[in-house]
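Thanks for coming. I will talk through one structure today, starting where two chains meet and then going into one of them.

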Amino acid sequence: MTASLIGQAFRKCKAEGRPALLTYTVAGDPTKKKSLDILKAISKNVDIIESGMAFSTPIADGGDIQTSAHRAIQAGINLNETFKIIKEFKKSKYPRPVILMGYWNLILQFNENKFIKFCKKSGVSGLIIVDLPHPENKAFAKKCKKNEITFIQLLSPTTSKQRMKQIIKDSHNMIYYISQSSTTGGKLKVTPKEILKNYNKIRNLAKGKNCVIGFGITDKNISKFKSANGVVVGSLNSKIITNAIKKKHNPVIKLDKMTRKLKSKII
Amino acid sequence: MIKLKKNIPLIDQHDKHGFWGGKFGGSFIPETLRKPIDDLTVKFEKLRKDKKFLAERDYYYNNWVHKGPTPFIKLENLTNHLGGARIYAKVVSAARGGAHKIYGAITAAMLCKKMNKRYLVTDTGAGYNGKMFSIAAKHFGLKCKVFMGHKDYLRQQPNVDAMKKNGAEVVPVYTGSQTLVDAVSEVMRYWVSNHEKVHLGVGSTVSANIFVKICGWSTAQISRELKKQMIDEFGKIPKKVKLLNCVGGGSSAYGLWSEFMDYDKRQISFEGIEAGGPKNSKKHAAPLSNNSKIGVLHGAAQMVCQDKFGQISETESISAGLDYPGVSPLHCFLKEAGRANYVSQTDEDALSAYKLIRKLENKINPSLEPSHAFARAIAIAPKLSKNTIIIVNSCGDALKDKHIIKKRLGKY
């Protein structure tokens, strides 16, 4: 049930002739309440919500998301609280499908089965686990599928074609393409054209699946990726929260404004 | 119960997914690093069978690190003072640069060249790994960048100076506890973004499977030397030997023990000494002796200091080199297989041990990391008979700790 919400969101965007807009924010950043307010505010313009599970030692994240994660942990976030935020969000006016994103240790400590149960209960549709690569993730991905949760496989520019084929074969209805070799929030070192060239190769191999592009996407370059099934904006949001705190602005308003801007650039 | 196999180096006793004992280690890495890690794995596995590569390594390990093996000496005065077991030291700190990290650094530099890369990056806690990488990089004509937690950057100044003098760029890391754990995270991030040009050498037997293997393969030199030295000294391998080694990530302990894995533990026992932190402090860096839960840190499953939600704990120790919340999957395996025993000693224990050794022995000047192991030796030796041989790996020189020692003990 929940997994199919992701498919529905993509179909709706396709019908509108535009990519899906996915935004990543860390649950609990800057506080539990504010992060929920952020989701409620931005979801009007967002198609799929990615919610980060704050981790103390995020090896694939750049400075902006690291700052968000630490801020959220300081403010008392943990997985129980993260699920509460998602549950509340799903009751709001625009209850977009939610993907949880994070690192394996949190799930391991929470207990895999309990985690999946909580995902279902709170209305989580998909999962991205950054440090649980293929093929080690096969067993867990299968468990997710059985429970109607999309396990989203990641592909990167360094993934060989042969490996790509295997990963695509084992993927569910959504794939995440990492635009370049960098941590999250890295400045684009390659042109959008080159990124799309690789991306299209994946699309050809993964017919019928929804492929999104993430890492390094901002309001400045998002319009270049209109031809994709979906685009993910993450670090930019963390940066906006950080700046809002510094200037004593309201991050909810600032992020709402930014997502409106992002949306306007892809329609 | 997991079991140690005989006649196979422990570094090779993992399954096809890289796990020791089916659960420790593995490669929990972002997709972007899969290919660089696969490439490195293929290259390393090929080169370790290549006679020319091995000959070059042996030249460096046997001559350049130290003219012949690093010394193996009896601590006569300490033994007499304590009574009981006979205490020896394997003085690995006599190695070029002053610690065992030189072995891993040489391997990394050689691999870097073979991978046609010009940049060598690494992490450092005590600063020794960074220093050795800077020495090796300079010798092999490579550029070098070292990530170091800011707290360590300040407290291990002599090694920072040495790295800079050798032309390395030292990058202080300001995130988290600003110690080794943050330096390792940051070097992994740097590698994600720069793997095309840069070769990563991890400073201990931690991180993804291949890094554990490369590091252990390198430090194993210590026990190859020691085995011969023991036969020279005693005529044979004695009947009762205890090999004591401090354990942070666990590279020097693996190095001291690797050749002796197959011996019955009643003949040769292993004891790893972790950092218990300041007396009365709840923070420690001793996941094995405190039975921390298994978790995933820096690409490997291991016992790790963490809270109930899986957030990695901040640690505290006077020894920057031991101040790490996780520990090598190899040591997790050895603990669970019952082959090695792990205990912890406090900052104060290490300082007292250092003081006593400096008072009684003039041939060694152990840094605060091996001082933890000496503290254990001092505690147990009087209860043991003189037929027992205790060998402590004095794996680092105290020069880097001169400011801390002066502050805590009044003089260096």
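Between them, chain B and chain A bury about 2800 Å², and 54% of that is on carbon and sulfur atoms. Keep in mind that this is a predicted model. For those new to this, the size of an interface is often given as the accessible area lost when the parts come together. On the chain B side, the residues that lose the most area to chain A are B:Glu31, B:Arg189 and B:Phe309; together they make up 25% of what that side buries. In terms of contacts, 32 residues of chain B meet 38 residues of chain A.

How many salt bridges are found across the interface of chain B and chain A? There are 2. A:Arg163 forms a salt bridge with B:Glu31, and their closest N and O atoms are 2.7 Å apart. B:Glu31 was also on the list of residues losing the most area.

Now to the sheet in chain A. It is an open sheet of 9 strands with parallel pairing, and the order is E5-E4-E3-E2-E1-E9-E8-E7-E6. Why is one side of E5 and of E6 left without a neighbour in the sheet? Strands E5, residues 150-151, and E6, residues 153-155, stand at the edges with a single partner strand each, so one side of each has no neighbour there. Further in, E1 (residues 20-26) and E9 (residues 230-233) pair in the parallel sense over 4 bridges. In that pair, A:Leu21 stands opposite A:Val231.

H2, residues 32-42 of chain A, touches E1 and E2, and its direction makes about 170° with that of E1. H4, residues 79-90, touches E2, E3 and E4; here the angle is about 160°, taken with E3.

Two helices of chain A also pack on each other: H10, residues 235-246, and H11, residues 251-266, at an angle of about 145° with axes 9 Å apart. Their crossing is right-handed. The contact includes A:Leu236 and A:Ile240 from H10, and A:Leu255 and A:Met258 from H11. By type, the residues of this contact are 8 nonpolar, 1 polar and 1 charged.

Last, some backbone details. Most residues other than glycine have a negative phi, and most peptide bonds are trans. The bond from A:Asp29 to A:Pro30 is cis, with omega near -5°, and A:Pro30 sits in the loop between E1 and H2. Another cis bond joins A:His134 and A:Pro135, with omega about 0°. A:Phe215, not a glycine, has a positive phi of about 85°; its place is the loop between E8 and E9.

How values were computed. Residues numbered from 1 in each chain as written. Chains lettered and ligands numbered in written order. Predicted model: local features only at pLDDT ≥ 70, side-chain atom pairs only at ≥ 80, totals over all residues. Heavy atoms only, no water. Pairing = 2+ DSSP bridges. Contact = heavy atoms within 4.5 Å. Axes fitted to C-alpha atoms, helices over the stretch in contact; angles between N-to-C directions. Left-handed = near helix turned anticlockwise from the far one by under 90°. Nonpolar A, V, L, I, M, F, W, Y, C, P; charged D, E, K, R; others polar. Buried area = accessible area lost by both parts, 1.4 Å probe. Salt bridge = Lys/Arg side-chain N within 4 Å of Asp/Glu carboxyl O.
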